Amino acid sequence: MVGWQVGLVSLAYLGLLFAIAYYGDKRAESGRSLTQNPYIYTLSIAVFCTSWTFYGSVGRAATTGLDFLPIYIGPTLVFVVWSVIWVKIIRICKVNRITSIADFISSRYGKSAILGGLVTVIAVIGITPYISLQLKSIAESFTIIVDYSNPRGAGGEGIFAFDTTLVVALVLAMFSILFGTRHIDASEHHEGLVSAIAFESIVKLFAFLAVGFFVTFGLHDGFTDLFGKAEAAGLSHLFTVAHDRGYGQWMTMTLLSMAAIICLPRQFYITAVENADEQHLRKAVWLFPLYLLVINVFVLPIALTGAMAFAGQDANADMYMLTVPIRHDQGALALFAFIGGLSAATSMVIVAAIALSTMVCNNLVMPLLLRWKIVDAGEGSDLSMLLLTIRRASIVLILILGYGYFRFASESYSLVTIGLVSFAAAAQFAPAIIGGIFWKGATYRGALVGLSMGFLVWIYTLLLPSFAQSGWLPISFIQQGPWGISLLRPYALFGLEGFDHLSHALFWSMLANIGCYALVSLRFAAGTLERIQAALFVDVFLHTEGMRDSWTQDGSATVGDLEELVGRFVGKQRATSAFHTFARDQGVTLRRNQTADRALLNHVERLLAGAVGSATARVMVGSVVKGGIVGLDDMYQILDETSQAIQYSRMLEAKSNELEDTTKQLQAANERLKELDSLKDDFLSTISHELRTPLTSIRAFTEILSNEAGVTAQERRHFMAVIAKESERLTRLIDQILDLAKMEAGQLDWSMAGVDLRGAVDEALGAMDGLVKERAIRLEVDVPAHLPMVRADRDRLVQVVINLLSNAVKFCRSPGGLIQVRAAPAADGLLVSITDNGDGIRAEDRDRIFEKFHQLYRGSAAQPSGTGLGLAICRQIVSFFGGEIWVENRDGGGACFSFTLPYDRVQEVVGRVGAMT
Amino acid sequence: MTHSVLVVEDEPNIVLSLKFVLKQAGFNVRVAEDGAQAITEIERDTPDAVLLDIMLPKRDGFSVCEAIRANPAWSAIKIIVLSARSREADKEKALAVGADDFITKPFSTRDLGNRVKSLIAAGAGEA
């Protein structure tokens with residue numbers, strides 16, 4: 001494959017990333033952000049897996065075996081076991097609008113500009129080797145994929161590879177600028193960037209798995225075969241834990257990677273600053289470790305295959321991902337692997353460059369410009385362009401630095417060694433961060449001294465020796481120590497020998513860092529603002545609102561001043577809209593010449609903090625507000641004296657809230673009881689009315705008959721019949737009331753079974769036969785035999801049909817009555833309908849007739865009266881069976897009552913099995 | 001002279017018993033099955049007394065009672081509300097809308113006859 005083709009594919013791939021990022025930003029602008037998704041979030045965290053993982057792990061595994069693993073065990077431990085630290089950091093970042101790790105540390109220790117600057121310097125110097133590692137991997141992989149005929153992977157010699165690296169560095173700088181610095185409020189999320197990074201995580205995973213599958217199942221017959229052959233080739237030391245060496249280095253690397261997953265600027269940025277929703281972390285705590293696990297499954301198979309294939313040759317083990325496919329003439333697979341490696345490298349470079357440039361701008365350049373009065377926050381020019389320019393220039397500078405380190409220093413190191421040097425630098429932030437969020441006593445001085453000492457030791461024990469090995473310093477610096485003082489040998493400081501270089505460096509730097517941090521913090525008291533910030537960070541879950549404000553008094557600045565100030569950093573339009581939003585949320589109107597109150601001051605500081613970092617923002621607001629800062633001491637005084645009182649009153653408040661809640665619940669319960677009581681009254685009164693009606697006739701006629709006077713024999717017979725009929729009605733009424741009460745209370749015994757509907761309908765028709773004949777009603781029955789069985793209580797089903805039939809008889813036309821009974825199978829049960837040819841039921845009554853005692857007034861007194869409970873009972877029964885009952889009007893009048901009955905599942909299954917056999 | 005009573009009741013068996021009892025007591029009895037019909041009957045020929053059920057089709061007893069009291073020409077009519085609703089509130093409401101007496105169902109036939117008689121006699125005394 002020729003260079004320009006590979007170059008074209010690479011550019012096309014970057015173009016695709018570009019398109020995804022663009023689409024992601026567009027989606028975010030229209031309010032449907034892609035990053036509102038825990039999976040995208042998790043994938044973006046996988047920016048942890050760089051070309052170090054992609055190429056370096058294989059190289060490491062091929063030379064020192066399982067040593068590649070601790071780098072993934074550390075992050076897994078942090079996410080699985082200690083995710084609470086992320087919960088806390090993310091909350092702090094959101095509450096304080098933190099934009100970077102430098103901002104975080106600076107903000108925690110009293111919004112100190114010096115500390116922020118120091119963190120930035122350490123981060124830039126520490127991460128530069130890491131960026132160069134990515135550039136190196138891109139250059140080497142490019143050379144190999146182009147130099148197809150020479151699959152030994154012999155490094156990147158020749159001018160061409162260097163040019164490629166420079167081009168790559170510049171293209172990546174351009175991409176970072178386009179999507180990391182389009183507008184200035186850095187705490188607004190970069191949805192497009194995050195989406196593109198997530199996409200890259202998918203690509204590198206699949207590329208790695210593709211090569212893994214090829215090696216394991218294409219070249220060998222699975223894992224057993226592969227490991228068997230490797231053992232035969234004498235490589236078993238690579239996949240068993242060596243006994244001759246201690247576990248010291250494992251421990252070191254695990255601890256180091258635990259610190260790195262939190263303290264690497266890009267991990268902090270992606271995990272905490274770009275976090276769209278705290279809830280996303282819940283998924284990430286197990287998905288991200290899973291990602292690490294999956295991407296590591298094939299490391300050993302690929303490494304072993306490479307070691308066997310290139311045994312005895314001078315092949316670069318870091319490039320087995322490419323050279324193994326190429327050796328087996330798998331050009332397409334090699335190209336895919338190359339793109340995977342490109343993904344791994346570019347994602348790291350872009351995110352790191354953006355995170356670092358934000359820090360350089362907000363925590364290094366802007367504070368200096370303000371201090372040296374090159375920029376004055378009080379004057380009226382628009383500074384948002386200046387900020388953007390600084391950030392863009394920083395990105396270019398950072399990539400040039402990475403390129404420089406690659407060009408001059410990284411030749412003699414493997415990918416993993418370079419990476420570990422960066423990890424050790426980032427780990428220096430761990431004490432200040434972890435101490436800062438758990439220990440209120442940690443102070444600015446402690447953090448400053450600790451960080452400085454740790455960083456100096458890191459330079460001395462890791463960075464300088466790497467320069468010496470690259471020939472920048474005499475090699476005697478390592479071997480004899482500076483000026484021949486052997487106690488100062490950088491790999492055996494103060495005579496400490498027997499450790500590997502990394503463990504040695506980590507031991508001394510952490511000892512200096514943590515030791516100074518703790519001792520100085522304990523020795524010197526914290527300043528005013530520091531204590532406030534300490535409380536805000538450590539107790540972030542206690543006070544989410546209010547207490548974090550710097551401004552406790554209204555200052556002398558006007559609304560117009562502040563709007564102008566904000567406008568110059570974030571742009572006029574954004575400032576205006578931010579002020580509008582604030583006014584709307586607070587429910588106030590802001591006039592330009594009105595004095596700003598403290599709520600607005602604090603809001604402005606937070607707005608600015610998003611653009612220039614919290615320390616700078618404070619100074620700027622302070623420069624506009626005269627006399628505002630004086631309030632801080634007062635506030636501290638009050639805070640100190642009243643912290644006990646505050647806690648006490650908070651407890652009281654909680655108690656009183658509790659009481660209020662209980663009272664509300666009691667009130668609600670009381671209301672409900674009253675409601676139920678009145679419902680019960682209504683019900684009893686209705687029942688009483690219904691019972692009195694037949695009783696009235698019975699008592700009246702009994703008295704008439706007992707008087708005997710003036711009653712003819714015919715009348716006597718008639719009256720006796722009335723008494724009998726009304727007694728029956730009374731009995732029926734009492735039965736139904738009891739039935740219904742039991743059904744509603746769930747105390748009725750149901751014997752549910754498979755029931756043949758035809759039989760039940762026939763029984764009901766039999767019971768109604770006399771009445772139907774007596775009134776000369778025509779009956780049309782269309783209920784097929786052999787319908788599927790339904791699940792019901794047979795007697796209750798008959799009762800439903802009888803109730804509906806007697807309704808139909810009652811309401812159908814007279815003379816010329818017609819009743820139709822139909823049943824047919826439907827989707828999930830039988831549909832039964834009973835239709836009369838009466839006047840039908842008005843639409844507004846159709847639901848209410850199923851309520852208790854809702855009787856429609858009879859058309860003529862001659863018709864038999866009902867109890868008003870029949871339909872209510874029908875509804876209870878049908879819904880117990882799992883069906884529904886309703887009524888509609890037929891065309892040309894007449895009511896059609898329909899209900900459904902679910903099929904008997906057992907019968908259904910039996911039937912189906914029967915049909916199959 | 002025979003006094004006339006209008007029975008307003010929708011339950012056929014209760015109508016039957018009332019008709020028998022009132023006729024034996026010497027009244028001229030007419031029947032209306034709902035509230036609307038009651039008003040029509042009264043317009044046709046003003047009765048001396050109305051026995052009025054509350055739960056009626058079309059127009060309930062309270063409303064019929066109000067309609068009678070709203071017409072000065074009908075002020076002499078005695079109204080006896082006959083209800084299966086036994087709550088004190090119903091009785092109060094009936095008297096408030098202008099009923100002269102309130103009888104709860106089931107009623108004693110002798111008591112009912114006596115109360116209709118005495119009401120009509122009292123009305124005649126006033127006139």
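How many residues of chain A are in contact with chain B, and how many of chain B with chain A? Colour the two chains separately and take a look: 18 residues of chain A meet 21 residues of chain B. Keep in mind as you go that this is a predicted model.

Stay on the chain A side of that contact. Select helix H28 (630-707) and helix H29 (713-745) of chain A, which each supply at least two residues of the side touching chain B. H28(A) gives the most, with 13 residues. Now colour that side of chain A by class: you'll find seven nonpolar, seven polar and four charged residues.

Next stop, the inside. The largest nonpolar core has 198 residues, and Ile105(A), Cys263(A), Ala303(A) and Ala424(A) touch the most other members. Then zoom in on Ala424(A): leaving out residues up to four places away in sequence, its contacts include Leu256(A), Trp458(A) and Ser509(A). There is also a second, separate core of 42 residues; pick out Val809(A), Leu869(A), Val887(A) and Tyr903(A) to find it.

Last, select Arg489(A), in the loop between helix H21 (476-479) and helix H22 (501-523) of chain A. Is Arg489(A) buried or exposed? Arg489(A) counts as buried because 22 other C-beta atoms lie within 10 Å, and the cut-off is 20 or more. Show Ile478(A) and Gly481(A) as well: Arg489(A) touches both, not counting residues up to four places away in sequence. Finally, try the distance tool on the C-alpha atoms of Arg489(A) and Ser476(A), which are 13 residues apart along the chain and separated by 9.3 Å.

Definitions and conventions
Residues are numbered from 1 along each chain as its sequence is written. Chains are lettered from A and ligands numbered from 1 in the order in which they are written. This is a predicted model: local features need pLDDT of at least 70, side-chain atom pairs count only at pLDDT 80 or more; totals for chains, interfaces and linings use all residues. Two residues are in contact if their C-beta atoms, placed from the backbone, lie within 7 Å. Helices (H or I, at least four residues) and strands (E, at least two) are DSSP runs, numbered from the N terminus. Ala, Val, Leu, Ile, Met, Phe, Trp, Tyr, Cys and Pro count as nonpolar, Asp, Glu, Lys and Arg as charged, and the others, Gly among them, as polar. A nonpolar core is a set of buried Ala, Val, Leu, Ile, Met, Phe, Trp, Tyr and Cys residues joined through C-beta atoms within 7 Å. A residue is buried if 20 or more other C-beta atoms lie within 10 Å of its own, exposed if 12 or fewer, and partly exposed in between; C-beta atoms are placed from the backbone.
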